[in-house]
Structure formats: structure tokens, C-alpha cells
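Open the structure in your viewer and keep the sequence panel beside it. The tour goes from one selection to the next and says what is found at each stop.

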Amino acid sequence: MNRLWTPAWIVRHVAMVVLVAGCLGMGWWQVTRAAGGNAISFGYAIEWPVFAGFVIFVWWREVRRALRATPPGDAQQAADPAPSAAAGTEPVATTPAVRRPVRVVRVPAAPADGADDAELAAYNSYLSWLNANPGARPGDYPG
């Protein structure tokens, strides 16, 4: 439970209280405006408490996520359950904290019958000529 009383969490708790109080205050202000004859304020009078409920929902979800997370001391013990033999050495984690994506080299698929398409070969030749001659117009193509 001490994890929820760090400086970062205290700021989150205070922000939640301020936002909820502000949203409920804005909702009450809209109720008084609606009672004064402003018809559109009825919609806002309903909207502001919904916003306050959303803030409470997000705060509660983050509190539960923080309480379910493994504490920093337990994460190190889980990575290396056996104590190291040498005194003063840091335990080595077996899995990296950040995993890198796997790169797969893709080879273009060859035609099933093994024969190249003549139109595709001509079009690729045309594109390579246009790439080799950047100032040329498509009508200048000699093929």
C-alpha cells in the first residue's frame, strides 16, 4: 500500500480530487443556468458528472494496476531466485526488460510455373528507365 503514497501518486490523488470537484462544480453551475432558462445547459448538467465519473474510473483502474504490479524488490527476486555466490555482484536477469522486434527477410514470391510475366517485365523495365532518367518524360521512353 506504500506504493500509492509516493510523490507521483500523491500528485495523481490530488489531481483526481481537483478534477472531480471541478467537474461536479461545473455540473452544478450548469444546473443553475438551466433553472434560469438556458435549455442547452440541461445537457451539460448531465455531461459534467459523467466526466467526473470517468476521472474516478481511470484513477481506480490505475490504482488497481499499481497494486497488482510486482514491487521493484520482488521483480529482482523473480528474475534471479538463487542468490549469487559472489558477494557484491548484481544478479543478472534472464529475460530482457525490453524485447526487440524480430525482423523477417521476405523474398518475393516466384511465379508458380516458373515463367516470368512478359507485361510485368516490360513495366519494370519502363519504371527502371524512368528512375534512371529523372528529367525525362514518359513519352521519351525508347521501348
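**Stop 1: an aromatic cluster**

Select Tyr126, Trp129 and Tyr141, which form one aromatic cluster. Rings of Phe, Tyr and Trp (its six-membered ring) pair if their centres lie within 6.5 Å; planes under 30 degrees apart count as stacked, over 60 as edge-to-face and the rest as tilted.

Some notes on the model belong here. This is a predicted model, in which local features need pLDDT of at least 70 and side-chain atom pairs count only at pLDDT 80 or more, while totals for chains, interfaces and linings use all residues. Residues are numbered from 1 along each chain as its sequence is written, and side-chain values use heavy atoms, with hydrogens and water left out.

**Stop 2: the whole chain**

Show the cartoon. The protein has 4 helices and 0 strands, and its elements run α-α-α-α from the N terminus on. Helices (H or I, at least four residues) and strands (E, at least two) are DSSP runs, numbered from the N terminus.

Of the 143 residues of the protein, 11% count as buried. Buried means under 20% relative accessible area, exposed over 50%, and partly exposed in between (1.4 Å probe, protein chains only).

**Stop 3**

Select Trp5, Ile10, Val14 and Val18. Together they form a nonpolar patch on the surface, with about 410 Å² of accessible area. Patches are made of residues with over 30% relative accessible area and no salt bridge; like charges are joined within 9 Å, and nonpolar side chains (Val, Leu, Ile, Met, Phe, Trp, Tyr) within 5 Å. Accessible areas come from the Shrake-Rupley method with a 1.4 Å probe, and for residues only the protein chains shown count as cover.

Where is Trp5 in the chain? Trp5 lies in the segment before helix 1 (7-35). Trp5 counts as exposed because its relative accessibility is 57%.

Next, select Trp9 and Arg12. Arg12 lies over the face of Trp9, at 4.6 Å from the ring centre. A charge sits over a ring if NZ of Lys or CZ of Arg is within 6 Å of the ring centre and within 35 degrees of the ring normal.

Is His13 buried or exposed? His13, found in helix 1, is buried, because its relative accessible area is 13%.

**Stop 4: rings on helix 2**

The structure holds 5 aromatic pairs. One of them is Trp48 with Phe51, an edge-to-face pair: 5.4 Å centre to centre, with 90° between the planes. Both residues lie in helix 2, 3 residues apart, which is about one turn of the helix. Trp48 is partly exposed at 22% relative accessibility, and Phe51 is partly exposed at 37%.

Now select Phe54 and Phe57, an aromatic pair that is tilted, with 6.5 Å centre to centre and 35° between the planes. Phe54 and Phe57 both lie in helix 2, 3 residues apart, about one turn of the helix. Phe54 is exposed, with a relative accessible area of 52%, whereas Phe57 counts as partly exposed at 48%.

**Stop 5: charged side chains**

Side chains of opposite charge can pair when their charged atoms come close. How many salt bridges does the structure hold? It holds 2. A salt bridge is a side-chain nitrogen of Lys or Arg within 4 Å of a carboxyl oxygen of Asp or Glu.

Select Glu62 and Arg61, which form a salt bridge with the closest N and O atoms 3.8 Å apart. Salt bridges that share partners join Arg61, Glu62 and Arg65 into one network. Arg65 counts as exposed at 51% relative accessibility, and Glu62 as partly exposed at 27%.
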